[in-house]
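Please go through this model with its sequence beside you. The report below starts with one side chain and then widens out.

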Amino acid sequence: MMRSLRRLIERLRAPFAWIEASELKRRLERGEAVTVVDVRGPDEFVGPLGHIATARNIPVAELEGRLAELAALERGPIVLVCRTDKRSAAAARTLRAAGFTEVNVLRRGMEQWNEAGLPVEGGGAEATARASTARGSVV
């Protein structure tokens with residue numbers, strides 16, 4: 001219980017907001033001006049989990065050096081994505097420190113996106129099988 005409480009406090013103090021896959025999908029479908037930045041490496045971006053169709057790929061290790069690419073988006077909503085949410089949370093701290101105001105992290109990243117059966121680009125059949133298995137389906 002203490003561990004759960006500590007995690008909740010850490011999340012409440014975080015310099016960014018969490019967003020669920022279903023909410024991000026809803027916002028993208030409504031045509032909101034949301035920039036999705038996938039901070040995984042290029043191999044993961046096109047790998048088995050695929051990526052969200054509108055996502056830009058800027059690996060977390062390159063983010064600081066590529067902030068100029070995102071400068072025009074400083075006041076707009078940005079959603080950061082990785083496999084889980086660890087790298088995207090680190091990237092969110094970098095963006096907040098650079099002055100970005102509306103920074104969100106996709107909770108559980110592409111794992112949640114795939115488990116929810118949401119559309120991906122660049123993913124293989126393995127992503128579909130993994131998502132179906134996670135939902136309890138037999139593949």
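The side chain of Asn 57 reaches the backbone oxygen of Arg 40 at 2.8 Å. A polar atom of that Asn 57 side chain also lies 3.1 Å from the backbone oxygen of Asp 38. Polar contacts here are pairs of N or O atoms within 3.5 Å; within protein, one must be able to donate a hydrogen and the other to accept it, and residues adjacent in sequence count only if both atoms are side-chain atoms.

Asn 57 sits in strand E3 (residues 56-57). Helices (H or I, at least four residues) and strands (E, at least two) are DSSP runs, numbered from the N terminus. Setting aside neighbours within four places in sequence, Asn 57 is in contact with Asp 38, Arg 40, Gly 41, Pro 42, Phe 45 and Arg 66. Contact means heavy atoms within 4.5 Å.

## Basis of the model

This is a predicted model: local features need pLDDT of at least 70, side-chain atom pairs count only at pLDDT 80 or more, and totals for chains, interfaces and linings use all residues. Residues are numbered from 1 along each chain as its sequence is written, and side-chain values use heavy atoms, with hydrogens and water left out.

## The whole chain

The chain has 8 helices and 5 strands. From the N terminus on, their order is α-β-α-β-α-β-α-α-β-α-β-α-α. Of the contacts with a separation of 6 or more, 63% join residues 24 or more positions apart.

Buried residues make up 38% of the 139 residues. Buried means under 20% relative accessible area, exposed over 50%, and partly exposed in between (1.4 Å probe, protein chains only). The accessible surface comes to about 7,700 Å², and carbon and sulfur atoms hold 54% of it. These areas come from the Shrake-Rupley method with a 1.4 Å probe; for residues, only the protein chains shown count as cover.

## Leu 70, inside

Leu 70 belongs to helix H5 (residues 67-70). Is Leu 70 buried or exposed? Leu 70 is buried, at a relative accessible area of 0%. Not counting residues up to four places away in sequence, Leu 70 touches Val 37, Arg 56, Ile 58, Leu 63, Leu 95 and Phe 100.

## Salt bridges

Side chains of opposite charge can pair when their charged atoms come close. A salt bridge is a side-chain nitrogen of Lys or Arg within 4 Å of a carboxyl oxygen of Asp or Glu. The count is 14 salt bridges. Arg 27, Arg 30, Glu 32 and Glu 102 form a linked network of them.

Glu 111 pairs with Arg 83, with the closest N and O atoms 2.9 Å apart. Glu 111 lies in helix H7 and Arg 83 in the loop between strand E4 (77-81) and helix H6 (86-97), so the pair ties together parts that are 28 residues apart in sequence. Both are partly exposed: Glu 111 at 23%, Arg 83 at 33%. Arg 75 bridges to Glu 74 at 4.0 Å. Arg 75 is exposed at 59%, whereas Glu 74 is partly exposed at 26%.

Most residues other than glycine have a negative phi. Arg 108 has a positive phi of about 60 degrees although it is not a glycine. Arg 108 is placed in the loop between strand E5 (102-106) and helix H7 (109-115).

The side chain of Arg 108 meets that of Glu 115 in a salt bridge (2.5 Å, N to O). Arg 108 is partly exposed at 35% relative accessibility. Glu 115 is partly exposed too, at 28%.
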